[in-house]
Each structure stands twice: as structure tokens, then as C-alpha cells.
Amino acid sequence: MVAETTLTVDDLIAPLFVSETLSAPREIPSLPGVMQHTQDSLRAEVQRLGELGVPAVILFGLPAQKDATGSEAANPDGVVQVALQNLRSDVGDDMVLMADLCVDEYTDHGHCGIVTPDGQVDNDATLELYSDIAVAQAEAGADICAPSGMMDGQVLAIRDALDSENHEHVAIMAYAAKYASSFYGPFRDAVDVTIADGGDRKGYQQDYRNAREAIDEISFDLSEGADMVMVKPALAYLDIVAAARAITNVPVAAYHVSGEYSMVKAAAANGWIDGEAAMFEILTSIKRAGADLILTYFADEVAEILAR
Ligand code: PBG
């Protein structure tokens, strides 16, 4: 009766992986219970999530071909674009279809943008790629583009590109405060990404020692036209979630990322913690900190339990 915070199925966004090459869905060993999907198994999974009441999914693609500029990401026939078309025809307006907008799954060097000969990511050249990807995703049926590459100016570039192609209605969920985190490990297995030459993303993602910087990043994205802002990862960044909530009235999302999920799964598999209880405690704490929406690999499990 006096509970202040309640986790509901409406809070959940399910991240899903779709492959262009698999002929059958494949389990991701470091992300137990999560699959690399074929187009067909993805359709079945989204159907199931919809029946459970999950309102939204976010898609990540595994292309057949990677190249230096991640050109498959903007291909109208690319793996995520095909998935968006299929899902749109399956679900109509009943679910929100989001597309992660980045090139790291599509580049042969694994960076989130174009890399110059001296090994730096070229921010402004990358914005042109992102603009093309946004238009391709919108044309394929995305409701929301979610730029995750942390390039400066990415929200404005995407907004301009969408508007100039008559996609004013497509919203932007900005990965606004995204940290260079050790918790993304299993995700990189899920999308077959290895950063070339032992590199990292510290040039464009945030330093975990910094909180004020996150406020600037969020503010920039809002001024560029972000319709929603995201903090990522979630559990080690609840202070940032709370700070985001305090400075904006747009929806705040938090991404409970792959490593955060896998830690719970691993400890539960060893009998060291009660996995289901930990899942609810963690996700509720993210909501309590101020998130309206949670991207989580637990989405189907939570939805199933809440539907009982
Ligand atoms: C980048 C991207 C990453 C994740 C989502 N988008 C990986 C990265 O920044 O290295 C990680 C999500 C997770 O760990 O669950 N396109």
C-alpha cells in the first residue's frame, strides 16, 4: 500500500539481436537466455514480447559484411532495416520499434565511427554516416532512432537528416551519458565486435570518474532535440540517473547492460544469490533513482513473472 516505486511491464524495452547470416537462432554463451536471432525467430520473439505486454524493442544488427565505414548500417536492405519492415507489418502500431544507431557492429575495426589513418575516430565525418543510417531506419519503419556512438553533435545531425527527409515524427532516444564501461563485454560477444589493436572507446565515451560531465552531455543532447535521454550503464550510475531526472522533464531511460545482466545470471547459476529477487531489486532501484524506462535483457523474464 505504501510502496513508492513499482516496476511494471510498461517500463521495459527489450534489446534484441538479429543476424543476417544465421539459419537458426543461436544462444550467446556470455548472455544466458539471450539469442542471436534470424529474421524469423526475431518475429516470433517480438510477437511473444508483445503478447506479454512489453511495449518496445530495440534492435541491434549483425551484418554479413563489415567494412571500414560500416556501410551496411545504412543499406535499405541491411539486416536491421529488413527486420524493421517485417516487424512493422507484424505489429502495426501496437509496439514501439527502436533501432540502435551506431556503426560498431558494422565496421571491421569495431569503432563507433570512421577511423582516420592515425587511429582516431573522426567525429564530424561520422555524423554523415549517422545521418544516412537514421534515414534508412526511419524509411524501414523505426519509431525511434537511438544513437549510441557518443559523437558530439550526433542528435542535431540526425534530427536534421530526419526532418529533411520528411521523418519529423521519428523520435530520438539519445544515449546521452554513456560511459566507457567494462560492463559491455558480453554485448560485444553478442554482436561479434572486437575493437582493433586492443583499442577502447575512451576517446568518445565518458570517464566513470566524471558526473558533472554527464550533465553537460545530457544538456547538449536536449538542446539538439533529443526526445528522451538515456544513461548507460545503469546500476553503477544511479547517481547519474537521478541527476538526469532532476534536470529534464523528457523521459529518462537507463540501460541495464549486458555485463550487469550476466553477473546476476552467473551468481544465480552458482546458487550464490536468488537471481529472480536480485533482478527485481536491481530494476526497481533503477526506477527508484528516476528512470522512466529500462532497457534490459531481463524484459521477457520480468514480463512473464508479472503476467502470472
Ligand atoms: C554501441 C553499443 C554498445 C552497447 C550498446 N550499444 C557497446 C559499446 O559501446 O561498446 C552495449 C550494450 C550492452 O552491454 O548491453 N553500439
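Mentor: What follows describes the ligand site.

This is a predicted model, in which local features need pLDDT of at least 70 and side-chain atom pairs count only at pLDDT 80 or more, while totals for chains, interfaces and linings use all residues. Residues are numbered from 1 along each chain as its sequence is written, and side-chain values use heavy atoms, with hydrogens and water left out.

The ligand is surrounded by 18 residues, where a residue is near a molecule if one of its heavy atoms lies within 4 Å of it. The closest are D104, R188, K232, S258 and Y297. By class, this shell holds 8 nonpolar, 3 polar and 7 charged residues; Ala, Val, Leu, Ile, Met, Phe, Trp, Tyr, Cys and Pro count as nonpolar, Asp, Glu, Lys and Arg as charged, and the others, Gly among them, as polar.

D104 places a polar side-chain atom 2.6 Å from a ligand nitrogen atom, and a polar side-chain atom of E105 lies 3.5 Å from a nitrogen atom of the ligand. In the side chain of Q205, an N or O atom is 2.8 Å from an oxygen atom of the ligand. Of the 400 Å² of accessible area that the ligand has on its own, the protein covers 100%; such areas come from the Shrake-Rupley method with a 1.4 Å probe.

Note on methods
A polar contact is a pair of N or O atoms within 3.5 Å; within protein, one must be able to donate a hydrogen and the other to accept it, and residues adjacent in sequence count only if both atoms are side-chain atoms.
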